[in-house]
Amino acid sequence: MAECGRVDSNTSGHTMDKSITLPPDEIFRNLENAKRFAIDIGGSLTKLAYYSTVQHKVAKVRSFDHSTKEAASDKLYEIAVQEEVTARLHFIKFENAYIETCLDFIKDHLVNTETKVIKATGGGAHKFKDLIERKLGLKVDKEDEMTCLIKGCNFVLKNIPHEAFVYARHADSEFRFQTTNPDIFPYLLVNIGSGVSIVKVESEDKFERIGGSSIGGGTFWGLGALLTKTKRFDELLQLASKGQHSSVDMLVKDIYGGSYACLGLTGDLIASSFGKSATADKEFSKEDMAKSLLHMISNDIGQLACLYAKLHNLSRVYFGGFFIRGHPVTMHTITYSINFFTKGEVQALFLRHEGYLGAIGAFLKGAEEDNPNQYSWGENYAGSSGLMSVSPDMNPMQRARSGTFSFDMLEMDRLERQLVNLPLLQDASSYIPDTVDLTEDAQAREYWLYCFEEALDGVVNRAVASQPDIPEAAERAEKFRQKYRHKLQTLRHQPFAYGSLTVRSLLDTREHCLNEFNFPDPYSKIKERENDVALKYYQKAVKSLDELSWEDRQFAIVKGVLAGNVFDWGAKAVSEVLESNPEFGFEEAKRRLEERPWLVDSFDQWLERLKGPPHRCALFFVDNSGVDIILGVMPFVREILSRGTEVVLASNSGPALNDVTNSELQILTERIAAMDPVIKSALREDRLTLVQSGSSSPCLDLSRLDKVLAMVVRERQTDLVIIEGMGRAIHTNYYAMLSCESLKMAVIKNSWLADRLGGKLFSVVFKYEVPAGKAH
């Protein structure tokens, strides 16, 4: 939430407030590069969408030609920081009272826009048409409201993990976010505006309004105003949150003295809304009347939605519209109604970005020539304000008119790669990447938030050190510190802000904030140095393995992978060792590993499997640069290649901590191939393939992988998936169920996590799994 100066009291009589000051860095970000606009104007809120190009720095690695003088320094590769232009969608929500000020601000900052048209939707599009055209000099092109709504809903369900949630008011975690189903259709959308529209959505372009009601949000507002003399919608909801409906409603027990057991009706069930007001000789409080009215309308809408869901055999029902707007009382009453009428068979689902659906849809209509649906998009946590607290006293819509100007923002980045599910997931619809949901585990949440805050100084120092020749790096690093610390503070109070709070989302938010302030790869120099050192030991490591007996070699290879995985700059316990003792090496890491039996130990089963026929193809998700990839993973790869198994190495598309990227791995593999005929022939014969994962995270979401990787997995008939590292195999995917054999290997480099899992620092997880019913 951004705050923009105080409203001048002298302007309070005007419908449009022009006295506020808007900080451009915080609100209309990157407006000078805006290319296309859309706007959705409702009864009280305006949602603006615009597409811009964003310039930011990226770290590129380029191999030296070692046959020329260019390589006289014998450096492994060149690291160049380049400017790159990417596409970003911005969505901003503000109150209609400030629309004129916002339009003036936009007009003053429009520099590079290519469009002469602004797409508009919503009931206020006609009302403000002349104002928009006069202020911006753009022609308003009105789009159908329902079409925009559906397009926007499809977009967020497909592109934002944890978009939909179930609201459980009295649970430890109010929000229970749903996993993103790859197949979002069909579903029912219940849009509660002034009235109610019930829409069946069957595909991207096929939807039908199958029903509705005149009793909706407008009814609640209108009757509420008559009953309580309260004119503001949000104030009416606040009254309802404090009321007791049983003072006004006639309950089953008021008629029968208790429950009506033979009909299955409990005593606390509402028998007649406002039933007591007909006979009671007393005044009712505004709060109680508002609560009774809210229950009456919510129950009516809930029953109607249930009937249509059953009639059309739909189990997914999403609720949206201005009646919802993230208010807990509304979500709770609708949830209760749906649970009651369907006996728990249908869940009421709400959307994190419900307020933006119309604006997103209008934008997509205007951008059809660019075919935005052919891309995958990801939420930029650095620029999004997230789902705000739904406490009635903290809701942004509750602030006094004389208070500060509150904005809500969402930013979506267009990703370079189209992302899809890993085809080998046993059930993509039930796959949950993260092992622990910190929104539900208060103890774990407090620990990890503390852990990330404590590590912040080290990250800032690393960022500055990565750009020693740039004087303003320290200033940018300080801005990064402030922004990320603010995000952590927000998540401490509102852990649900960006969906399920996990270690992965904390790491990804940090990466987004680093990129925001042009620190694209703070560990690039460390990775280059460690890669260079590890390559010098590769031949010696391979030679010593080749001298062992077959069985001893298998154990030594696995131990090598695990020892390599110790070299993780993202783990505080390790980074402190590496900082204080630069000579800490591969053999020392082996000695740090726990002795067998390991914390999770399937090595004997893996060894037996290796005595059987070779796998057709192994997909290996790799982790760190340096010792990990070169002295740990590559000897493992070399061994299974020698067995006749093809190998696909999947590495990050972009940098994260000291994880090896695809471009770095290409260079490293070429250098190893020059020393190792096994690797060289495998590359030449296309038995060893390097593919980018589509991720720039230290963790791994198997539902959002590069489409090319998924295609390779299918073509190669992959029957073994190997996942390495604490981020990819423990923080995520520890419980992931695959349709083929899988091997998860990691060393636990965090003492709190080790204790949680029943182990200790440097405990080993070696988890070999075979799906039920699968023979080798």
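Predicted model: local features only at pLDDT ≥ 70, side-chain atom pairs only at ≥ 80, totals over all residues.
**View A. Strand β26 and its parallel neighbour β25.** Strand β25, which covers residues 720-724, runs parallel to β26 and is joined to β26 by five bridges. Between the two strands in the chain lies helix α24, formed by residues 726-731, and β25, α24 and β26 together make a β-α-β unit that is right-handed.

**View B. Strand β26 and its antiparallel neighbour β27.** Six bridges connect β26 with strand β27, residues 764-769, and here the two strands run antiparallel. Met-745 has a bridge partner in β27 as well, namely Phe-766.

**View C. Burial of strand β26 on both faces.** Strand β26 spans residues 741-747, and seven of its seven residues are buried. One side carries Glu-741, Leu-743, Met-745 and Val-747, while the other carries Ser-742, Lys-744 and Ala-746, and both faces of the strand are covered.

**View D. The open sheet of seven strands.** The strands of this open sheet follow the order β8-β7-β15-β14-β9-β10-β11, and their pairing is mixed. Strands β8 (175-177) and β11 (207-213) stand at the edges with a single partner strand each, so one side of each is left without a neighbour in the sheet. From one strand to the next, the twist averages 35°.

**View E. The β9-β14 pair and helix α4.** Within the sheet, strand β9 (residues 187-192) and strand β14 (residues 316-320) run parallel and are joined by four bridges, and Leu-188 has Val-317 of β14 as its bridge partner. Helix α4, residues 145-159, packs on the sheet, where it touches β7 (164-167), β9, β10 (196-201), β11, β14 and β15 (347-351), and the direction of the helix makes about 125° with that of β9.

**View F. Cysteines without a disulfide.** The structure holds zero disulfides. Cys-153 is in no disulfide, and the nearest cysteine sulfur, which belongs to Cys-148, is 13 Å away; Cys-153 is also buried, with a relative accessible area of 0%. For Cys-699, the closest cysteine sulfur is that of Cys-451, and the two sulfurs are 13 Å apart, which is too far for a bond. Cys-699 is likewise buried, its relative accessible area being 1%.

Methods. Residues numbered from 1 in each chain as written. Heavy atoms only, no water. Pairing = 2+ DSSP bridges. Axes fitted to C-alpha atoms, helices over the stretch in contact; angles between N-to-C directions. Contact = heavy atoms within 4.5 Å. Buried < 20%, exposed > 50% of the residue type's maximum accessible area, 1.4 Å probe, protein only. Right-handed = clockwise from strand over helix to strand, strands pointing away. Disulfide = S-S within 2.5 Å.
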